[in-house]
Amino acid sequence: MKSRRDYTSLMASLISIAAGLLLGLILLFVFNPSKALYGFENMLTNGIRNTDKMAKVLYTAAPLMMTGLSVGFAFKTGLFNIGATGQYTMGAFFALSAAIQFQLPWYLGLLAAMVGGAIWGAIPGLFKAHFNVNEVIAAIMFNWISLFTVNLAINNMPRMLASAWGAVNKDRTAALGAANRSAILPKLGLDELMGSNYVNIGIFIGIILAVVMWVILSKTTFGYELKACGHNRNASVYAGINAKRNIVLSMAIAGALSGLGGGIYYLSGTAQYTLVKTLLSAGFNGIPVALLASSNPLGTILSALFISYIQVGGEAMQPEFTKEIIDIIIAAIIYLSAFSLLMRELIRRALTRRHRAQAVARGEE
């Protein structure tokens, strides 16, 4: 039964990817017929053309992996963590504050990012557990509260302002390095091996945590309790499980994962946090990453790499196609990827009908 569910999930994801890529190709023919195939080929091959592009795929995939794990973990426990972007923002703020304001090393910066994200995730969890406030509504509001709280805080922290919040200049030498070099994530020689300043240990942290989340959800009593609360809260309470505690813990863990994603991205030494009035997209991109992986932590590794690969591939389509067209195509692929749940249900029904037909045929024989 489990192998059949895994097969169904895999087929649903592959069909969603194929549909998204086909729609992307159609859009390219609409916008620029003579260059459509050229642009499509570039999109599919740019990420593996050289080690620099491959390094950028890994660099972009790491925070996506964390936000995908965050959303997927909440899904597994019956919650919809649409507040991943707020937790990601708060995690980035805690990480940069630890690195610049308090001059702490990178590992403490990442720990601070997890704490910041966990706090921001636990708040909607508390409202859900104790006041039955829908976590979607609470998390959406806290996304905006996070954004403006961080902007206000940075504006009143002179050392953060002086260090340009971990900004980079034209030669990609990080101001974060000048403020606190020990806060930059180690590269372990990967930058020299791949010839890129992008790559660091962030991708390995993401993979390790994906495995840890899989073990927690699949092999531990704690994970079983969390999933039981998600499937049927009333039955879980009847069985003696503390549902309120588990709801808060689920959202706190999901928030910690998103916060860590923000820490990984902004402590890379090649990213810049800017004071803007728009929500960061990384948290929202974690939703299709989780859906494409059917909320499986191990599947999240592959889905994050795929989304990152498409994003990096889209950069090679200029100047034949404008950046806005590339964004539309990527958005279409991501959007159709979110239909993997529908695809999975359709495939499941088709397989069920086929098995019933085979059973009937065997009975008639």
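In the predicted model, glutamate 225 and arginine 245 meet through their side chains in a salt bridge, with an N to O distance of 3.4 Å. Because glutamate 225 belongs to helix H11 (residues 221-231) and arginine 245 to helix H13 (residues 243-266), the pair ties together parts of the chain that are 20 residues apart in sequence. Arginine 245 is partly exposed, its relative accessible area being 41%.

This pair is one of 3 salt bridges in the structure. Another joins glutamate 315 to lysine 56, whose closest N and O atoms are 3.1 Å apart. Here distant parts of the chain are linked: glutamate 315 sits in the loop between helix H15 (297-314) and helix H16 (323-337), lysine 56 lies in helix H3 (residues 51-76), and 259 residues separate the two. With a relative accessible area of 35%, glutamate 315 is partly exposed. Lysine 56, in contrast, has a relative accessible area of 18% and is buried, because the limit for a buried residue is under 20%. A further salt bridge is formed by lysine 128 and glutamate 135, with 3.4 Å between the closest N and O atoms. Both lysine 128 and glutamate 135 are buried.

A nonpolar patch on the surface is made up of Leu22, Leu23, Ile26, Val30, Phe31 and Ile328, which together have about 540 Å² of accessible area. Helix H1 is the main contributor to this patch, giving 5 residues. Leucine 23, a residue of helix H1, is partly exposed at a relative accessible area of 32%.

Asparagine 32 is located in the loop that runs between helix H1 (2-31) and helix H2. Apart from neighbours within four places in sequence, asparagine 32 contacts Glu320 and Phe321.

In helix H2 (residues 36-45), the buried residues are Ala36, Gly39, Phe40, Asn42 and Met43. These residues lie on the same side of H2, because the arc they cover around the axis is only 160°.

The average pLDDT of the protein chain is 86, and 92% of the residues reach a score of at least 70. For residues 169-173 the pLDDT falls below 50, and this stretch makes 4 contacts in the model beyond near neighbours in sequence.

Methods. Residues numbered from 1 in each chain as written. Predicted model: local features only at pLDDT ≥ 70, side-chain atom pairs only at ≥ 80, totals over all residues. Heavy atoms only, no water. Buried < 20%, exposed > 50% of the residue type's maximum accessible area, 1.4 Å probe, protein only. Helix = DSSP H or I, 4+ residues; strand = E, 2+ residues; numbered from the N terminus. Arc of directions from axis to C-beta. Contact = heavy atoms within 4.5 Å. Patch = residues over 30% accessible without salt bridge, like charges linked within 9 Å, V, L, I, M, F, W, Y side chains within 5 Å. Areas by Shrake-Rupley, 256 points an atom, 1.4 Å probe, with all protein chains shown as cover. Salt bridge = Lys/Arg side-chain N within 4 Å of Asp/Glu carboxyl O. pLDDT = per-residue confidence, 0-100.
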